[in-house]
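Here is a briefing on one protein chain. Please look over the sequence and the fold before reading on.

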Amino acid sequence: MKYSIGVDIGGSHICCSMYEHSNIQILKNTFIHQKVDSKGAANVILNAWADAVTQTIKLAGFPAMGIGIAMPGPFDYNQGISEIKGLGKLGTLYGLNVRKELSDRLGFPGSQVRFINDAAAFSIGESIAGEAKKYSKALAITLGTGLGASFLKNSYPVISSPDVPRGGFLYNQIHKGHLADEVFSTRGLITHYQKISGHQVNNVRELYERVPYDQKAVDCFQWFGKELGQFIRRYAQDFGAGVLIIGGNISRAFDCFGDSLQHEIPDVKIYVSKLGEEAAIIGSALLLDDHYYKNIQPTFKLM
């Protein structure tokens, strides 16, 4: 059997697990979730990441072929160099060869430390082990601090094609005069709620907890679903996506905005991810399948 380690890097945490390729499954007893000081020194961050991976290896009790890492952008996924700066997270890694740093700490050859965009990893995992595997074309989005997106055809990300926006990104598209990332995100929901109610909430969870007794909270989520549907519709239709997979923290409130979203895109099946963070772990671990990696590598140069 072939095993690799899938890693999902977030703004304040790392998740990782051993992945078994032939049966397409995560070994749940090797799963590690660890908080990371994303504003800390580079060594603090890198050591925390290496420590989490080391724990997964110890729990497995056997070696892996290598590591696949789902990283937020901007990042040079082909070379393994961080280009993140000015985002309030992971800025101390800017310009560092993260591949070499982790290779040195963990003892894996550099060629066996591979990177992919986090939204793309999520979508790949969903197309391999989630509901999207039933469809040849899928659109996956993550709703949280920002808007992540990935278009897939036969389990491969599509980022350079006439029927998808450049890079496969949606966060930088404009919706009714506003940047999509500002609308379809935590701050977008919170800002709209304050606008229509005059009240402030700190996060989406607080807003969600108001739904049973606050009509403005209900209206806010309904607005969110309607606007998201109107925004997504053109991209889904142009690409011919048969399914929309939704992940991220805001997806937990899907029962409050799902109906209004589906109303705007009735021809597209919508699923909330059941895999959650495991989807990105599967998508990143798959990079150690050399056949898949060879086919996807040209895409990295365009990410």
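Through how many residues does a hairpin join E1 to E2? The hairpin between E1 and E2 runs through 3 residues. The model is a predicted one. The protein holds 10 helices and 15 strands.

**Overall build**

- The protein has 303 residues, and a compact globule of that length would have a radius of gyration near 19 Å. The value for the protein is 19 Å, which agrees.
- Along its principal axes, the C-alpha trace spans about 55 × 40 × 35 Å.
- Buried residues account for 54% of the 303 residues.

- Strand E2 covers residues 13-20. Of its 8 residues, 8 are buried, so the strand is largely enclosed by the rest of the structure.
- In a regular strand the side chains alternate between the two faces of the sheet.
- Both faces of E2 are covered. His13, Cys15, Ser17 and Tyr19 are buried on one side. Ile14, Cys16, Met18 and Glu20 are buried on the other.
- Strand E1 (residues 3-9) pairs with E2 in the antiparallel sense, over 7 bridges. Across this pairing, Ile5 stands opposite Met18.
- Strand E4 (residues 32-35) also pairs with E2 in the antiparallel sense, over 4 bridges. Here Ile32 of E4 is the bridge partner of Cys16.
- Strand E3 (residues 25-26) runs antiparallel to E2 and is joined to it by 2 bridges. Glu20 stands opposite Gln25 in E3.
- The hairpin of E2 and E3 has 4 residues between the strands. In this hairpin, Ile24 takes a positive phi near 50°.

**Helix H7**

- Does the end-to-end distance of H7 agree or disagree with 1.5 Å a residue? H7 has 25 residues (residues 215-239) and should span 36 Å. Its end C-alpha atoms are 36 Å apart, which agrees.
- H7 bends by about 35° at Ile232.
- Asp214 caps the N-terminal end of H7. A side-chain oxygen of Asp214 lies 2.9 Å from the backbone nitrogen of Lys216.

**Cysteines**

- How many disulfides does the structure hold? The count is 0.
- A disulfide is a covalent bond between the sulfur atoms of two cysteines.
- The cut-off for a disulfide is 2.5 Å between the sulfur atoms.
- Cys15 has 0% relative accessibility, so it counts as buried.
- Cys256 is in no disulfide either. The nearest cysteine sulfur to it belongs to Cys220, 10 Å away.
- Cys256 has 10% relative accessibility and therefore also counts as buried. The limit for buried is under 20%.

**Lys58 in helix H1**

- Lys58 is found in helix H1, which covers residues 42-60.
- Is Lys58 buried or exposed? Lys58 is exposed, because its relative accessible area is 65%. The limit for exposed is over 50%.
- Lys58 and Thr30 are 28 residues apart in sequence. In space, they are 8.2 Å apart, C-alpha to C-alpha.

How values were computed
Residues are numbered from 1 along each chain as its sequence is written. This is a predicted model: local features need pLDDT of at least 70, side-chain atom pairs count only at pLDDT 80 or more; totals for chains, interfaces and linings use all residues. Side-chain values use heavy atoms; hydrogens and water are left out. The expected span of a helix is 1.5 Å times one less than its number of residues. The bend at a residue is the angle between axes fitted to the seven residues ending there and the seven starting there. A polar contact is a pair of N or O atoms within 3.5 Å; within protein, one must be able to donate a hydrogen and the other to accept it, and residues adjacent in sequence count only if both atoms are side-chain atoms. Buried means under 20% relative accessible area, exposed over 50%, partly exposed in between (1.4 Å probe, protein chains only). Two strands pair if DSSP finds at least two bridges between them. The radius of gyration is taken over C-alpha atoms; the globule rule is 2.2 Å times the number of residues to the power 0.38.
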